Amino acid sequence: MRRAALLLALALIAGCRDKSPPKSMPPIPDAGSPVPTPIAAHSGPVALSADGATLFVANPDLDSISIVDLATRQLTHEVLLSGAHPIASTDGGEFTPSVMPRALALTPDGKTVLVTGERSGKLYRVDVATGNITDSLTTCSEPAGVLASSDGRDAYVACSNDDRVVRIDLGSLTLDATATVPRKPWALAASTDGELRVTHLLGPGVSLIDPSSFSLVTTWPVPDVPPRGDKRLAHGQVRGIYDAAEQPGTGDLWTVHMMLGTDTAQPELDFESTAFPTLSVLHQDGTLVEQLSTDAQDVPGIDGALADIVSGPRALAFTHDGDFALMVDADSEDVLAVDTHRNTEAALLRPLPGHLPEGIAIAPDDTRAYVVERNTLDVAVIQLTREGDDLALAVDGDPISLTTNDPMPAQLRLGQHLFYSANSDEAPITTNHWVACATCHIEGRSDAVTWLFEQGPRDTPTNAGGMIGTGFLFRTADRNKVQDYWHTINVEQGGHFDPNDPLLAPMLDAIAAYVNGGIPAPIPPTTDPAKVAAGDAIFHSQDVGCIGCHSGARHTDSGSGNPTLDLAGNVVLHDVGTCVTTGLFPDVAHEDVNGDPRAACMFDTPSLTGVYDSAPYLHDGSAATLHDVLIQTRGHMGNTASLSDDDLDNLVEYLKSL
């Protein structure tokens, strides 16, 4: 029935990106005097009032938050943070929210909800009683997680594209402290003994911040797992640490993430060896307790902790006695319960009534859970029933709508669903709920790992900002449109796509529409304007030569002289000195999707849109930073060998601003 509904949606489809310069961010001072510790909580797109009567939800695609009365299961307020819903471009091809709220938190008195705007760079305060925005503060680039201190005096915000966490005095609404942390801080979690923790979306783990001195204490690694003999046994590099929460009564910190099996090379690489959903449990001292994941069930002598295949772990919540952990899986579209005493799967609820679940809150009496479904703009109500030492999950009634209007064009909304879906019961996007497009393109961007493809080692490129105007696709110009990625769906994802099937081809078109118009370009990190100006002059200097390849609106010469992107026509490629010629898995000559030859060591020029957010760099991910790129390619890309250290720093600052 769900697949029939999807095909009906396809039949109903009729066959604005923010281009303004990034807002300048205010300077962030050093830590001041000691402050109260945060309340025991963790950040996410949903929050529940202390009495369990009211639900608050962040709507990234609507530029709003919703306030729901759970007694009547009705929407009471939709608070528009930008004054109106986002507006699609006149042709419906581009859709870019201006705020994109990502997380919210209630102050301890329950009177105010704090909301981060990933694209606006702001923290908003909303009065719970009236649903009015009382004020806002520009904080940093791409704020994500948010928490409040135990006395409501301060807020803590994870600045995902500035690599820092900030403290905000809620009385004066000013920034009064900052802690620099490793890359991509995302979710915040507070413990009962006053520690503040922040996950890192792309690894290496979880950082501990002293909330009084507001300084980084240490970073606890969530360890990668080496190969275990059979490629289908859970292992790989840790990525997508979306959430963390303290287990009641133990002090242990549970994190949800994936492990990516980048050690398996094509043609052996397949859907069963690509990604493994994982719950990693850390002691209060940061040592690893256990990693719970899905193993292939038909490997002799192996029984995985998670008996069912799920994908895209996104959010976590505990029953209040700590006996069960509920993990929301965005891609396989389900909720999986784990018995925390036996550390094994207790129950699985699939399917959910909607698409793209991203957050969860559990009622104070542990009888219900509320799951936010971003794609369908609703909340699924889940009944929790204790049966002795077991837990049963069931959908309780119809979902609760979060809006009366969906401004996203229908084709982009369908494309969003398919891009994030590994629901093989509904669409032939994968096999057995294993892999979605979003598995590797985390947040529509990159997983920051290198895969061993048949062409050679390949870093995952970002889709942020869309592919229109970037020329050819794939590192050696092997494809010319997003629809060509049906090859990836069928090989790595285990899907079953025939691009000539009249029922399936519109799905590829919807995915392409979403990739090209529904994944906004990153907001650049906070930069030094003087250095950016100096770097701009260097970049555009004819003597340095950057613009020889990185030209035009998207800073690439890919497709130049070939406006139709004919794969057999003129294809501009470059040898930039980064070819892998030694080792077990070198770059090799191969053919593009149409059978045209491609040399092993000639590469397509990547776009520089949002380049800071797409580390690591080069076709094989061998350069960790932009500075490393300039050093490794000296003598091959422009005349950067003549630049001083100060010039290189300025050039990097300019690149960060793009």
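**Strand hairpins, disulfides and nonpolar cores**

Strand 26 and strand 27 form a hairpin with four residues between the strands, and L377 takes a positive phi near 55 degrees there. Strands (E, at least two residues) and helices (H or I, at least four) are DSSP runs, numbered from the N terminus. The model is predicted: local features need pLDDT of at least 70, side-chain atom pairs count only at pLDDT 80 or more, and totals for chains, interfaces and linings use all residues. Residues are numbered from 1 along each chain as its sequence is written, and side-chain values use heavy atoms, with hydrogens and water left out.

Strand 26 covers residues 368-373 and strand 27 covers residues 378-387, and six bridges join them. Two strands count as paired if DSSP finds at least two bridges between them. Within this pair, V371 stands opposite A380 of strand 27.

Strand 28 (residues 390-395) pairs with strand 27 in the antiparallel sense, over six bridges. Here I382 has V395 of strand 28 as its bridge partner. Strand 27 and strand 28 also form a hairpin, with two residues between them. G388 lies in that turn and has a positive phi of about 65 degrees. Strand 29 (residues 400-401) pairs with strand 27 as well, antiparallel and over two bridges. In that pairing, V379 stands opposite I400 of strand 29.

Strand 21 (residues 313-318) pairs with strand 22 in the antiparallel sense, over five bridges. A317 stands opposite L326 of strand 22. The hairpin of strand 21 and strand 22 has five residues between the strands, and G322 in the turn has a positive phi of about 75 degrees. Strand 22 and strand 23 (residues 334-339) run antiparallel and are joined by six bridges. V328 stands opposite V335 of strand 23. These two strands form a hairpin with four residues between them, where E333 in the turn has a positive phi of about 60 degrees.

Strand 22 (residues 324-329) is largely enclosed by the rest of the structure, because six of its six residues are buried. Buried means under 20% relative accessible area, exposed means over 50%, and partly exposed lies in between (1.4 Å probe, protein chains only). Both faces of strand 22 are covered. F324, L326 and V328 are buried on one side, and A325, M327 and D329 on the other.

The cysteines come next. A disulfide is taken as a pair of cysteine sulfur atoms within 2.5 Å. By this rule the count is two. In sequence order of the bonded cysteines, the pairing is 1-2, 3-4. The torsion about its S-S bond is about -85 degrees, so the disulfide of C140 and C159 is left-handed. This pair links distant parts of the chain, 19 residues apart. C140 sits in the loop between strand 8 (133-138) and strand 9 (143-148), and C159 in strand 10 (residues 154-159). Both C140 and C159 are buried.

The other disulfide is formed by C579 and C601, with sulfur atoms 2.0 Å apart. The link of C579 and C601 is left-handed, with -50 degrees about the S-S bond. C579 lies in the loop between helix 7 (529-539) and strand 32 (590-591), and C601 in the loop between strand 33 (597-598) and helix 8 (626-632), so the pair ties together parts that are 22 residues apart in sequence. C579 counts as buried, at 19% relative accessibility. C601 is partly exposed, with a relative accessible area of 23%.

Other cysteines were also examined. The sulfur of C440 is 9.1 Å from the closest cysteine sulfur, in C437, too far for a bond. C440 is buried, with a relative accessible area of 17%. C546 is in no disulfide, and the nearest cysteine sulfur, that of C549, is 9.2 Å away. At 13% relative accessibility, C546 is buried.

A nonpolar core is a set of buried Ala, Val, Leu, Ile, Met, Phe, Trp, Tyr and Cys residues joined through side-chain atoms within 4.5 Å. The largest such core holds 25 residues, of which L418, F419, F497 and V515 touch the most other members. Helix 3 (410-419), helix 4 (437-440) and helix 6 (505-517) are the elements that give two or more residues to this core. Helix 6 gives the largest share, seven residues. Another core, of 21 residues, lies apart from it, with F539, C546, V611 and A623 among its members.
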